[in-house]
Amino acid sequence: MATTLYWAQCGSCGGDSMAWLCLESPDVVELLDLLDIEVLWHPSLSNQSARDHLALLGSIAANEQPLDILVVEGAVLRGPGGTGMFDTFDGRPKKDLIGELARRARHVVAAGTCASFGGASGEAEVEASGLQFVREEQGGFLGPAFRSGSGRPVVNLPGCPVHPQVLAGTLAALCQGEELALGPYQAPATWYGMLVHQGCVRNEYHEYRVEDADFGTRGCMFFHLGCRGPLAFGPCNKLLWNRRSSKTRVGVPCMGCTMPDFPRDHPLFDTPAMADIPLELPAGVDRAHYLAYKGMAAAAAPDRLLQRQTRL
Ligand code: SF4
């Protein structure tokens, strides 16, 4: 029997859907075929009438239509005053619909940072929430104890947007009943157990503290240009985007879009620093040791790196 999937769009820009539709090798249609997924509803792929859509929701709620996978894109908007009326469907707060669908689904997947952590929607203004987190704090819209029909918590796939291959891999694991180990923040360890920094082609510059203070050169962007690659867990430099590149490979700092505090309240292309040392150090690094190590490494930087040459 086919695996059924419903894709709900809440407070979002739709970017996760757009990235998903750009999946390659296999493309979305091939993947759905391969995994035998029946899409009950997706805002960009479905053409049912509003009446048919409502009937479908009614049959899921009544337990007549099985729902295997619920994918939620965007933050759940609970405002104003907890009513959810900032985001409605057929006159009902969409948050009620999400709650209903989540209780029926075998698996619940949060696609993107807004669905995972509340993200860019600004919690204070619209009472935006992730499904099981609000920023770093566990709980969120469904509460910390929520478990889907399979016994799993929400599977968080942060990213702005989520990498389409991460979503494809997650769907494949869920459809095939494979183990999907979740790490911190309930994100699959396979893709979120590594840092964006790992695999960045500027690693050697970072090692010797050869810094970029402006765009368009070849140094590391951690020290002045706001790169959060050493702090952000995600596969951007492993899977690459469009199978070809990543932000840091083309000279744009990692903005840490997989992190629960994204977007932070600080200019994106600036590194908050004290005495020329970033306030946020690479994950797990001790400040005193880092100061000593980076000072020595900078002094030892080879000329070819200082000259931004890749060969001797
Ligand atoms: S540019 Fe960013 S990701 Fe690349 S080496 Fe520097 S800190 Fe790491």
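Modeller: Two strands pair if DSSP finds at least two bridges between them. Helices (H or I, at least four residues) and strands (E, at least two) are DSSP runs, numbered from the N terminus. This is a predicted model: local features need pLDDT of at least 70, side-chain atom pairs count only at pLDDT 80 or more, and totals for chains, interfaces and linings use all residues. Residues are numbered from 1 along each chain as its sequence is written.

Colleague: How many bridges join β3 and β7?

Modeller: Strand β3 spans residues 69–73, and β7 spans residues 107–111. Val72 has Ala110 of β7 as its bridge partner. The two strands pair in the parallel sense, and their bridges number five.

Colleague: Which residue stands opposite Val71 in β3?

Modeller: Strand β1 (residues 3–9) runs parallel to β3, with five bridges between them. Opposite Val71 stands Trp7.

Colleague: How many residues of β3 are buried?

Modeller: A residue is buried if 20 or more other C-beta atoms lie within 10 Å of its own, exposed if 12 or fewer, and partly exposed in between, with C-beta atoms placed from the backbone. In a regular strand the side chains alternate between the two faces of the sheet. Here Ile69, Val71 and Glu73 point one way from β3, Leu70 and Val72 point the other way, and all are buried. The count for β3 is therefore five of five.

Colleague: Which residues does Ala110 contact, leaving aside neighbours within four places in sequence?

Modeller: Two residues are in contact if their C-beta atoms, placed from the backbone, lie within 7 Å. With those neighbours left aside, Ala110 touches Val72, Ala115, Ser116, Gly130, Leu131, Val154, Val155, Asn156 and Leu157.

Colleague: How far apart are the C-alpha centres of the two domains?

Modeller: The bounds come from an automatic or database domain assignment. They divide the protein into domain 1 (3–190) and domain 2 (194–312). The C-alpha centres of domain 1 and domain 2 are separated by 32 Å.

Colleague: Which elements give two or more residues to the side of domain 1 that touches domain 2?

Modeller: The contact draws 15 residues from domain 1 and ten residues from domain 2. On the domain 1 side, the elements giving two or more residues are α5 (113–117) and α7.

Colleague: Within what arc do the buried residues of α4 fall?

Modeller: Helix α4 covers residues 94–104, and its buried residues include Lys94, Lys95, Leu97, Ile98 and Ala102. The arc is that of the directions from the helix axis to the C-beta atoms. Seen down the axis of α4, the buried residues line one face of the helix, because they fall within an arc of 155°.

Colleague: Is Ser17 buried or exposed?

Modeller: Ser17 sits in helix α1 (residues 15–21). Leaving aside neighbours within four places in sequence, Ser17 contacts Gln9, Pro43, Ser44 and Glu73. Because 22 other C-beta atoms lie within 10 Å, Ser17 is buried.

Colleague: How does Thr88 count by its C-beta neighbours, and what is their number?

Modeller: Thr88 belongs to strand β5 (residues 88–89). Its contacts, beyond neighbours within four places in sequence, are Pro93 and Lys94. Thr88 counts as partly exposed, because its C-beta neighbours inside 10 Å number 15.

Colleague: What is omega for the cis peptide bond from Ser25 to Pro26?

Modeller: Pro26 is in the loop between α1 and α2 (28–35). The bond from Ser25 to Pro26 is cis, with omega near 5°.

Colleague: Which residues does the cis peptide bond with omega of about -10° join?

Modeller: The proline is in the loop between α10 (236–239) and β12 (273–274). With omega about -10°, this cis bond joins Phe262 and Pro263.

Colleague: What is phi of Arg209?

Modeller: Arg209 lies in the loop between α9 (203–207) and α10. Arg209 counts as buried because it has 20 C-beta neighbours inside 10 Å. Arg209 is a residue other than glycine, and its phi is positive, near 50°.
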